[in-house]
Amino acid sequence: GVITVSDNNNLDHETTGSYTLTIVASDATSADLETVTITVTDANDNTPAFSNGDSASASVDENSQTVGTYAATDADSSADLTYSIVDDSDGAGNSVDHDLFSVDADTGALTFSSAPNYEAPGCGANNNANSCVVIVQVTDGANTDTITITATVENVAIAITSNSATIAESAADDSAVLTMASTGDSADNNG
């Protein structure tokens with residue numbers, strides 16, 4: 001005999017990966033039993049979903065490129081997820097700052113392409129804000145999901161990192177006593 005599918009809506013690899021059937025063949029004098037296992041192969045029928053939902057926010061210190069990692073999951077065991085930034089070439093304004101960011105196609109790690117400077121805002125439609133909006137997309141090759149991320153650039157106060165020195169009492173005029181260094185405010189520390 002032939003085993004057929006009576007309702008393919010019930011076939012779902014993620015719910016039931018296999019079915020075990022016992023087949024009985026008999027005639028008037030004898031019977032034989034055979035156990036058959038039917039494996040349901042996985043199809044790319046589920047949509048990936050971002051763990052953070054459809055929106056997220058992040059605070060990023062100026063002079064730092066790291067925003068965060070926005071990972072997604074997919075119930076399909078064979079899913080190969082790829083991350084990308086949604087381009088705003090249609091002018092809809094939803095991902096207006098897309099050109100300021102990069103995303104790792106394999107992990108969803110989002111970074112500024114160049115470290116932002118709080119004193120020189122570059123976000124928003126007029127490039128005059130410190131709150132940037134970017135849309136990241138994930139696809140499994142057939143289905144997609146998106147997340148809108150608002151990254152706010154935070155001001156970092158200047159901090160002096162060298163603050164003591166010694167000098168010999170016999171030092172000559174114009175001898176260097178101390179070289180000061182600072183961190184914070186601007187990438188070249190001249191802020």
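Is aspartate 140 buried or exposed? With a relative accessible area of 8%, aspartate 140 is buried; here buried means under 20% relative accessible area, exposed over 50%, and partly exposed in between (1.4 Å probe, protein chains only). Here are some notes to read beside the model.

1. **What you are looking at.** This is a predicted model, in which local features need pLDDT of at least 70 and side-chain atom pairs count only at pLDDT 80 or more, while totals for chains, interfaces and linings use all residues. Residues are numbered from 1 along each chain as its sequence is written, and side-chain values use heavy atoms, with hydrogens and water left out.

2. **Confidence.** pLDDT is the predictor's confidence in each residue, from 0 to 100. The protein has a mean pLDDT of 87, and 91% of its residues reach 70 or more. Over residues 187–191, pLDDT stays under 50, and the model has seven contacts beyond four places in sequence for this stretch; a contact means heavy atoms within 4.5 Å. Where pLDDT is low, the predicted coordinates should not be read in detail.

3. **Aspartate 140.** Look for this residue in the loop between strand E10 (131–139) and strand E11 (144–154). Strands (E, at least two residues) and helices (H or I, at least four) are DSSP runs, numbered from the N terminus. A polar atom of the aspartate 140 side chain lies 2.7 Å from the backbone nitrogen of asparagine 143. The backbone nitrogen of alanine 142 lies 3.0 Å from a polar atom of that side chain. Not counting residues up to four places away in sequence, aspartate 140 touches Asn44, Asn46, Pro48, Asp74, Asp76, Ala79, Asp80 and Leu81.

4. **Aspartate 97.** Here is another aspartate to find, in the loop between strand E7 (82–85) and strand E8 (101–103). Aspartate 97 counts as buried because its relative accessibility is 1%. A polar atom of its side chain lies 2.8 Å from the backbone nitrogen of valine 133. Beyond four places in sequence, the contacts of aspartate 97 are Gly122, Cys123, Gly124, Ser131, Cys132 and Val133.

5. **Histidine 98.** This residue also belongs to the loop between E7 and E8. Its side chain is joined to that of aspartate 87 by a polar contact of 3.3 Å. A polar contact is a pair of N or O atoms within 3.5 Å; within protein, one must be able to donate a hydrogen and the other to accept it, and residues adjacent in sequence count only if both atoms are side-chain atoms. Leaving out residues up to four places away in sequence, histidine 98 touches Ile85, Val86, Asp87, Asp88, Val133 and Val134. Histidine 98 and cysteine 123 are 25 residues apart along the chain, and their C-alpha atoms are separated by 9.7 Å.

6. **Phenylalanine 112.** Now move to strand E9, where phenylalanine 112 lies. At 3% relative accessibility, phenylalanine 112 counts as buried. Its contacts beyond four places in sequence are Val60, Ser64, Gln65, Val67, Leu100, Phe101, Cys132, Ala151 and Val153.

7. **The loop between E9 and E10.** Asparagine 126 lies in the loop between strand E9 (109–112) and E10, and counts as exposed because its relative accessibility is 62%. Asparagine 127 is found in the loop between E9 and E10, and is partly exposed at 48%. Alanine 129, in the loop between E9 and E10, is partly exposed with a relative accessible area of 25%. Apart from neighbours within four places in sequence, alanine 129 is in contact with Pro121, Gly122 and Cys123.

8. **Positive phi angles.** Most residues other than glycine have a negative phi. Asparagine 127 has a phi near 55°, a positive value in a residue other than glycine. Aspartate 174, not a glycine, has a positive phi of about 65°. Aspartate 174 lies in the loop between strand E12 (159–160) and strand E13 (182–183), and counts as exposed at 82% relative accessibility.

9. **A nonpolar patch.** Which residues form a nonpolar patch on the surface? They are Ile3, Val5, Leu11, Tyr19, Ile23 and Ile38, with about 480 Å² of accessible area together. Patches are made of residues with over 30% relative accessible area and no salt bridge, joining like charges within 9 Å and nonpolar side chains (Val, Leu, Ile, Met, Phe, Trp, Tyr) within 5 Å. A salt bridge is a side-chain nitrogen of Lys or Arg within 4 Å of a carboxyl oxygen of Asp or Glu. Accessible areas come from the Shrake-Rupley method with a 1.4 Å probe, and for residues only the protein chains shown count as cover. Tyrosine 19 is found in strand E1 (residues 18–26) and is partly exposed, with a relative accessible area of 31%.
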